[in-house]
Amino acid sequence: MNVRPLGMIGLLACLPLLALGCGGDDDPFAGESATTRAIRLKVEKDLEADRLKRLAPRIAAATEAAASSPTAVVAAPAEGDHAESAGARPADELYAQNCASCHGPTGRGDGPLSAGLVPAPAKHADGNYMNPLTNDYLFRVVKEGGAAVGKSAMMAPWGTSMSDEEIRGLVAHMRTLAEPAYEGPMP
């Protein structure tokens with residue numbers, strides 16, 4: 001039998017067929033075969049990569065704008081400051097440089113890139129949403145990205161560009177944005 005690999009158009013044409021044979025109320029893909037699952041995951045990955053490629057110029061422009069914005073400028077740590085001696089960058093600076101373009105400078109989900117993102121970025125200022133989330137969960141989202149916890153793959157993993165200490169500081173900073181205020185343990 002002569003089998004040719006499906007191109008992207010062929011894979012997209014197969015998407016409606018993925019629902020056939022699926023079962024279970026909670027998992028729409030519970031009954032899919034391993035082959036169907038592999039095709040679906042490949043298509044999802046390709047579509048996500050294409051979306052990231054299309055958003056790359058906007059992300060670069062927003063990052064550049066945030067870096068040149070007066071709100072993104074943060075004073076350098078004082079001589080002998082723990083953050084400097086440990087090599088950790090200030091959490092508010094990390095947030096302004098890496099998070100604000102999507103989540104907004106005050107965590108309201110209103111960053112310059114938020115309009116083009118589906119699903120919309122989490123609102124770190126929404127205490128009703130954020131406060132029940134554990135510090136370990138937030139740490140994992142920042143370190144490993146949204147896909148690691150079943151959220152959007154648009155949420156990039158920052159574990160290769162931030163230390164664990166910086167990520168813990170970033171989680172603590174996110175906690176300060178919540179309204180109503182977070183009253184649980186800090187990371």
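Student: How do I read the packing of H7 and H8 here, and at what angle do their axes cross?

Tutor: Two packed helices are described by the angle between their axes and by the distance between those axes. In this predicted model, helix H7 (residues 135-144) and helix H8 (residues 164-177) have axes that come within 9 Å and cross at roughly 120°. The two are therefore oblique to each other. As for the hand, the crossing of H7 and H8 is right-handed.

Student: Which residues of H7 and H8 meet?

Tutor: On the H7 side you'll find Asn135, Leu138, Phe139, Val142 and Lys143. They meet Asp164, Ile167, Arg168, Leu170, Val171, Met174 and Arg175 in H8. Sorted by class, that contact has seven nonpolar, one polar and four charged residues.

Student: What about burial? Which residues of H7 are buried?

Tutor: Start with the helix geometry: an α-helix has 3.6 residues a turn, so residues three or four places apart point the same way. Now the case at hand: the buried residues of H7 are Asn135, Leu138, Phe139, Val141 and Val142. Look down the axis of H7 and these buried residues fall within an arc of 160°, so they line one face of the helix.

Student: And what covers the buried residues of H7?

Tutor: The cover includes helix H6 (127-130) and H8.

Student: Lys143 turned up in the H7 list. Where is Lys143 placed, and how exposed does it count as?

Tutor: Lys143 sits in helix H7. Its relative accessibility is 28%, so Lys143 counts as partly exposed. Leaving out residues up to four places away in sequence, Lys143 touches Pro157, Trp158, Gly159, Asp164 and Ile167. Take Ile167 from that set: Lys143 and Ile167 are 24 residues apart in sequence, yet 7.0 Å apart in space, C-alpha to C-alpha.

Student: What follows H7?

Tutor: Gly145 does, and its phi is positive, near 95°.

Student: H8 has another partner, H4. At what angle do H4 and H8 pack?

Tutor: Helix H4 (residues 91-98) and H8 pack at about 85°, with their axes 8 Å apart. H4 and H8 are therefore roughly perpendicular to each other. From H4, Ala91, Asp92, Leu94 and Tyr95 make the contact, and from H8 they meet Glu166, Gly169, Leu170, His173, Met174 and Leu177. The residues of this H4 contact with H8 divide into six nonpolar, two polar and two charged.

Student: On to the backbone. Which residues are joined by a cis peptide bond?

Tutor: Omega is the torsion to check. Val118 and Pro119 are joined by a cis peptide bond, with omega about 0°. Pro119 lies in the loop between helix H5 (100-103) and H6. Another cis peptide bond joins Glu179 and Pro180, where omega is about 5°. Pro180 is found in the segment after H8.

Student: Let's zoom out. How many helices and strands does the chain have?

Tutor: Eight helices and zero strands. Read along the sequence, the pattern is α-α-α-α-α-α-α-α.

Student: How much of the chain counts as buried, and what share of the contacts comes from residues 24 or more positions apart?

Tutor: Of the 187 residues of the chain, 30% count as buried. Among contacts with a separation of 6 or more, residues 24 or more positions apart account for 51%.

Definitions and conventions: Residues are numbered from 1 along each chain as its sequence is written. This is a predicted model: local features need pLDDT of at least 70, side-chain atom pairs count only at pLDDT 80 or more; totals for chains, interfaces and linings use all residues. Side-chain values use heavy atoms; hydrogens and water are left out. Axes are lines fitted to C-alpha atoms, for helices over the stretch in contact, and angles run from 0 to 180 degrees between N-to-C directions. Helices (H or I, at least four residues) and strands (E, at least two) are DSSP runs, numbered from the N terminus. Angles under 35 degrees count as roughly parallel, over 145 as roughly antiparallel, 65 to 115 as roughly perpendicular and the rest as oblique. A crossing is left-handed if the near helix is turned anticlockwise from the far one by less than a right angle, and right-handed if clockwise. Contact means heavy atoms within 4.5 Å. Ala, Val, Leu, Ile, Met, Phe, Trp, Tyr, Cys and Pro count as nonpolar, Asp, Glu, Lys and Arg as charged, and the others, Gly among them, as polar. Buried means under 20% relative accessible area, exposed over 50%, partly exposed in between (1.4 Å probe, protein chains only). The arc is that of the directions from the helix axis to the C-beta atoms.
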